[in-house]
Amino acid sequence: MSAAVEEVGSMENRKSGRVPSCMRCWCEGENVTLYSRVGNLSEGGLFLRTSTPLREGMRATVRLGVGEEYGPEVQTLVKVVWTRHNDKHRPSGMGLQFESLDAANLERLRQIISYARARCPGA
């Protein structure tokens, strides 16, 4: 299965469409800091590729657009809603749900999504 078709839970549970991404982001939580590739992204959350996902239910902070051409950085709280390990057909990682996006961060996130859509159409 390609990165563009990665599943992040059941389609019925999604409120926003996912966009493949080739960007990286910081994720910090409970004495752990990760800098990993974002597999896909939406207004509701993201899939973060990592061989060392955080525990389900854990809360963390993500920073998107850091040092990238995506415009201003988005920093927000997330919750780990699922993890995937050692799947032969899909990459390891975790599904992160955005917990608190204010209007300014939501607008910046929409800009990042638009940029990702144009820059990484089949990432």
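Among contacts in the chain between residues at least 6 apart in sequence, what percentage join residues at least 24 apart? The figure is 57%, where contact means heavy atoms within 4.5 Å.

This is a predicted model, in which local features need pLDDT of at least 70, side-chain atom pairs count only at pLDDT 80 or more, and totals for chains, interfaces and linings use all residues. Residues are numbered from 1 along each chain as its sequence is written, and side-chain values use heavy atoms, with hydrogens and water left out.

## Overall layout

Read from the N terminus, the order is β-β-β-β-β-β-β-α. Helices (H or I, at least four residues) and strands (E, at least two) are DSSP runs, numbered from the N terminus.

The chain holds 123 residues, and 38% of them count as buried. Buried means under 20% relative accessible area, exposed means over 50%, and partly exposed lies in between (1.4 Å probe, protein chains only).

## The core

In soluble globular proteins, nonpolar side chains tend to be buried together. Here the largest nonpolar core has 24 residues. Such a core is a set of buried Ala, Val, Leu, Ile, Met, Phe, Trp, Tyr and Cys residues joined through side-chain atoms within 4.5 Å. Cys27, Leu41, Leu64 and Leu96 touch the most other members. At least two core residues come from each of strand S2 (24-29), strand S3 (32-41), strand S4 (45-49), strand S5 (59-64), strand S6 (74-84), strand S7 (93-98) and helix H1 (103-119). H1 gives the most, with four residues.

Take Leu41. Not counting residues up to four places away in sequence, Leu41 touches Gly17, Arg18, Val19, Met23, Leu46, Leu64, Phe98, Leu109, Ile112 and Ile113.

## Strand S4 and its partners

S4 is mostly covered, with four of its five residues buried. Two strands pair if DSSP finds at least two bridges between them. S3 and S4 pair in the antiparallel sense over three bridges. The two form a hairpin, with three residues between them. Val38 stands opposite Leu48 in S4. S4 also runs antiparallel to S7, joined by five bridges. There, Gly45 has Gln97 in S7 as its bridge partner.

Ser21 lies in the loop between strand S1 (19-20) and S2. Thr76 is found in strand S6.

| Side chain | Backbone atom reached | Distance |
|---|---|---|
| Ser21 | nitrogen of Met23 | 3.1 Å |
| Thr76 | oxygen of Ser100 | 2.7 Å |

Are these two residues buried or exposed? Ser21 has a relative accessible area of 0%, so it counts as buried. Thr76 is buried as well, at 4% relative accessibility. Leaving aside neighbours within four places in sequence, Thr76 is in contact with Ala60, Thr61, Val62, Phe98, Ser100 and Leu101.

Glu28 sits in strand S2. Its relative accessible area is 33%, so Glu28 is partly exposed. Beyond its neighbours within four places in sequence, Glu28 is in contact with Thr33, Ala60, Thr61 and Arg63. Glu28 and Val78 are 50 residues apart in sequence, yet 9.9 Å apart in space, C-alpha to C-alpha.

Most residues other than glycine have a negative phi, and most peptide bonds are trans. Glu30 counts as exposed because its relative accessibility is 53%. Asn31 is exposed, with a relative accessible area of 85%.

Terms used. A polar contact is a pair of N or O atoms within 3.5 Å; within protein, one must be able to donate a hydrogen and the other to accept it, and residues adjacent in sequence count only if both atoms are side-chain atoms.
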